[in-house]
Amino acid sequence: MFNRGSTYHVVDTNNPAVRYEFEANLKRYVLGFLGTKIKTIEDFIEEEKSLHRRRPSAERDAEFQLRDSQGVPLEESEEFMLEIYDSERDNDNDKEDDYETEFGYIEAFKLTSDSYSLHGSMGHGATFGFKVVDKIAYLTHNGGYACMGTDEFELQTVVEPGIPTKEGRIQIHYAEDGNVLLSQWNGDVYFYCEWIKSSLGILSTDCSEEDIRWAKPLKLVIKRLYKPNPTGKDVRQRRLLREAQLRRLQREQLFMGKRLRFRTPQESETESEFEFTPSDTTNIIRGLKSAKHEERMEALKNLSAKLEQPSENLRGFVLDGACIELLVGFLAGTDSEEKLQSLWCLTNITGFEGRLAEQVLPATPYLVSLLDSHDMELKDQAAWTLGNLASEGPNIREHLYANGVLKPLVELAGTEDRTLLQTVCFALSNMARKPSTYFDQMFDMGLPQVIAKQMQRFRGDVDCVRELAWVCAYLAAASSEQQVDVILETGAVDVILESALMAVDQDGSAAQTSGLLIPAIRTLGNIAAGTDSQTRTLVSKPGFIRLLVRCIESTSSRAVEKESLWVLSSITACCKTDVDAVVNAGVVPDLVRIIEKQNFDLKKEAAYSLLNIAIVGQRIGDLPNEQLVKEFVEFVRSADEELVRMGVQFLSLLFEQLPGELGVEMLRKVEGGVDALETLIAVTEDDDIRATVSALIDQYYGE
């Protein structure tokens, strides 16, 4: 191999005519595969040819015809959605009536008065059309053309009468399997979707060389909108899809920090988010302004139902301000029924993205005042709305604090009403997130003591203990050393530990169990990450180690397993006594199972504990090293720098601490083990790793 500037060349020494050139950013990838003999130079040359075949080219097509997922042609007047194609779901042979599938769509966020940003979204999609001009098919949205954004890589639609310039033009292609692809006109690369969150994907052509060569481009499926006059089968399909989406949203509530309030099927006649039209806006405004109580109530109920999954038109109605102004007017009134329905609407508005939630801020003084209401339902719904707002970020939390929300919420946390308690805890857990200027005041107001008292009062109520545990989790996550001591002194941790043990010992559903265990384990983990004294206090509590081992050995909830591994890594990093306690509890076989069979994120968490057991606990001789050495060699081959470092560290321990040449002999039994080390020396840019690996190789060869 040799390089000329940033371009590298690899040459077959047996046949110098066989050579492959690549850029420096692919050096680790290419050398890794060549060094382990997984690929040859000829394989990379073939991939290069395939790459040129798969690159898009700009072309005009007079015969271009856009078709839906059933192959039926679309007219330019028709609207559709763009579903993000999922090959894994396509290969799923589950029953036909399995509607738990999560659908990804292309959604549009309004940026300015005349532009939108397109992104991937789970469960929500914008409506699109297309138009053929001069033999080029353009994607359209809200009267404008899809085109490249001003930052060069962002995909936007700009609402203007003229078609995009050549530089901003986006072309529609068809893949071999019939799905739709998008590319920048003559840009030599398709669009890709990077899911930066579970429900948000960024669309761009800003791809690494590795992505362009081997990653799968974004594929889209054309989905027609529902028919204006649906058949009975269409209605059933829509209802099932809507219920599946609601179930998905409810499953995500635990992690979203936001909650929607859904009407029951008996309460809501809404079949689809696509039914809200501009004429509906006029009708709802007329109803909300009606002089008749019944008509106002009907309009409020209709609006709250449609806000469960707001369409683009409904989002626009909220964003232009008229909707919020009308709803706030009801809060200032005297009719408690209308106040409650208005709160229901505001709750669901705050349950979606920030630009919608922020529209509700003018209602904050009314929401805070309703926390002192004699009506329990109004208190509950006001706290719910404030909880959603608090999840939006530090600026909005500071706004809520400035409006006096903290004191009444802490006072309400002492309620005897279990429903209100859960809602108030939801709001407080979001208010407890840092950064904030008021965090210490939550301790000054006695919130930890209130939570501990309620833990005792509701200790048999799983739902209440779960919400109380979330407050503890956020308090412990942001607390000082002294504040963590306060939390431990209240006794709340003892009830959390007791409830978590009951959950793992009883035969409950995985969803119910994980719903309690995640905040419980996270609270324990935040405390375990404190001082050695606090960690020792936790380890000494009866049942704590048993809980961790049970959660790690259980495979019913991946999230619980991961949280528990994180706690274990903190415990094993403390002292030898704690390491002995977890090893004697029998956790090592489960750590080995995870290292051997789980995904790399869980492997990494398990590896931290295994290394701590070997180093802090001085027990490398007690580990099944012949099983582990193969897995840690795979870490060395990884592209993750932290995994590489852990793999090298484990091999160093084997060579240094096992008697004689036992560590070297173990590595010799791993196919390609020393090759992985030699490849790492060639590609790593870390001087410390290079020096350590060089010493290992010298020891391996007896030098």
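Q618 counts as exposed, because its relative accessibility is 62% and the threshold for that class is over 50%. The model in which this residue is seen is a predicted one. Although Q618 is not a glycine, its phi is positive, at about 55 degrees. The residue lies in the loop that connects α28 (600-615) with α29 (625-637).

The peptide bond leading from K434 to P435 is cis, and its omega is near 5 degrees. P435 is placed in the loop between α16 (418-431) and α17 (439-444).

These details belong to a protein with 33 helices and 15 strands. Of its 703 residues, 52% count as buried. Among the contacts in the protein with a separation of 6 or more, 65% are between residues 24 or more positions apart.

With β7 (residues 129-133), the pairing is antiparallel and extends over five bridges.

Strand β9 (residues 144-148) runs antiparallel to β8 and is joined to it by two bridges. Here T140 stands opposite Y145 of β9. The hairpin of β8 and β9 likewise has two residues between the strands, and N142 is the residue in it that takes a positive phi near 55 degrees.

The helices call for another kind of description. A pair of packed helices is described by the angle between the two axes and by the distance between those axes.

Helix α10 (residues 336-350) packs against helix α13 (residues 376-390) at an angle of about 20 degrees, and the axes are 9 Å apart. Angles under 35 degrees count as roughly parallel, and α10 and α13 are therefore roughly parallel to each other. The crossing in which α10 passes α13 is left-handed. On the α10 side, the contact is made by S336, K339, L340, L343, W344, L346, T347 and T350. The α13 side contributes E377, L378, Q381, A382, W384, T385, N388 and L389. Sorted by class, the contact of α10 with α13 contains eight nonpolar, six polar and two charged residues.

Helix α13 also meets helix α14 (residues 394-402); their axes come within 8 Å and cross at roughly 140 degrees. This angle makes α13 oblique to α14. The residues that meet are L386, L389 and A390 in α13 and I396, R397 and L400 in α14. By class, the contact of α13 with α14 has five nonpolar residues, no polar residues and one charged residue. L389 takes part in the contact of α13 with α10 and also in that with α14.

As with α10 and α13, the crossing of α21 and α24 is left-handed. From α21, the residues making the contact are L497, A500, L501, V504 and D505. From α24, they are F544, R546, L547, R550 and C551. The class composition of the contact of α21 with α24 is seven nonpolar, no polar and three charged residues.

Key
Residues are numbered from 1 along each chain as its sequence is written. This is a predicted model: local features need pLDDT of at least 70, side-chain atom pairs count only at pLDDT 80 or more; totals for chains, interfaces and linings use all residues. Side-chain values use heavy atoms; hydrogens and water are left out. A crossing is left-handed if the near helix is turned anticlockwise from the far one by less than a right angle, and right-handed if clockwise. Helices (H or I, at least four residues) and strands (E, at least two) are DSSP runs, numbered from the N terminus. Contact means heavy atoms within 4.5 Å. Ala, Val, Leu, Ile, Met, Phe, Trp, Tyr, Cys and Pro count as nonpolar, Asp, Glu, Lys and Arg as charged, and the others, Gly among them, as polar. Two strands pair if DSSP finds at least two bridges between them. Buried means under 20% relative accessible area, exposed over 50%, partly exposed in between (1.4 Å probe, protein chains only). Axes are lines fitted to C-alpha atoms, for helices over the stretch in contact, and angles run from 0 to 180 degrees between N-to-C directions. Angles under 35 degrees count as roughly parallel, over 145 as roughly antiparallel, 65 to 115 as roughly perpendicular and the rest as oblique.
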